[in-house]
Amino acid sequence: MLQLISKLQHNTYEKSEYSDEQPRNVDETIQLIKDFPWDAERALTDIQLTGPSVTIQDIDLNYLKLGLYFNGKFCVYYLDRDNHLYEYHAKTVDEACELVKGFFEQTLDLKPFDKHLFNIGNKPHFVSNDFIYRVSPLRVIASVAMLSTYALFIIYNIIAGGFNPTNKAIPVIAILFIVLIGLFIGYLVFIAMGGRNQYLQISRGNNHFSYGIDSQHIVTYNKADIEEIVCTQGRNMSDVQIRFKNGEVIKPTMLIKDYDLIQKFPEKSGVKITYIRKTMFGESKTDYHQI
């Protein structure tokens, strides 16, 4: 009997996050759909492509995704391999399962479906992501370029604003500033190169995540063991620390942006988030909990 890949997405999952992904025949897939906790996850769930759903993939990379719709209905999405998206609103789960049978038998009739006119950014809602983060060379280059531009701007203003052929202090100040910026950029590159083998795998819906200084030293952590996440934001860069209740601290700064990391912890996760904002006038601190 034909088996197709099917997978689950719950209301705490982020885009491209799935679980229980494996080949199933049509009967197993329909049973998977009927066992899904639709009623429990329907409350406070936005109707969109990412949400509580069961997604099926055929051998030609076409997708059928059964999700929630308004008034107790179900929304069946069909995405073909050319990124054309179709949508049908089934009144009952049994009606939706009939479409699943047609998908398995390659007899799915798209005439009752509504075709979307715009087909940009659809595929990430159907394709699984491994959510592995590593040091991005482009991010390092962008940081260095930004700092270099900032440094040149300041040097130009120092020279243009106070240029005087008899004032020997201006060139000295400019040279010192160039040296300091160069050292800082070198430090940034050093940190990036030192962490180039770091590994982070983390997603919003999974309570466990993995981090390692290299592929040989990867440790799995539980989000419930986190004491606090501290995001220190300076004028030109930020630093992220994950502090655990046992005193351990990991720093995935070069792997993931602080905003993206915070999004991995949904509301009611209970994790304390601390923002420290540093400026030339001092620093400010803001705390809140994901409760």
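Strands β1 and β3 (residues 53-57) pair in the antiparallel sense over five bridges; strands are DSSP runs of E with at least two residues, numbered from the N terminus, and two of them pair if DSSP finds at least two bridges between them. The model is predicted: local features need pLDDT of at least 70, side-chain atom pairs count only at pLDDT 80 or more, and totals for chains, interfaces and linings use all residues. Residues are numbered from 1 along each chain as its sequence is written, and side-chain values use heavy atoms, without hydrogens and water.

- Of the six residues in β1 (residues 4-9), five are buried, that is, under 20% relative accessible area with a 1.4 Å probe, protein chains only.

**Cavity**
- One cavity of 30 Å³ or more is found in the whole structure; a cavity is a set of points, on a 1 Å grid over the protein atoms alone, where a 1.4 Å probe fits but cannot get out.
- The largest cavity holds about 70 Å³, a volume being the space filled by probe spheres set on the points, which are joined across faces, edges and corners.
- Its lining has 13 residues, with Gln48, Gly51, Pro52, Gly67 and Leu68 the closest to the centre; lining residues have an atom within 4 Å of a point.
- Strand β4 (residues 63-68) gives the most to this lining, with four residues.
- By class, the lining comprises six nonpolar, five polar and two charged residues, with Gly counted as polar.

Definitions and conventions. Buried means under 20% relative accessible area, exposed over 50%, partly exposed in between (1.4 Å probe, protein chains only). On a 1 Å grid over the protein atoms alone, a cavity is a set of points where a 1.4 Å probe fits but cannot get out, and a pocket is an open set with protein on both sides within 12 Å along at least five of seven lines; lining residues have an atom within 4 Å of a point.
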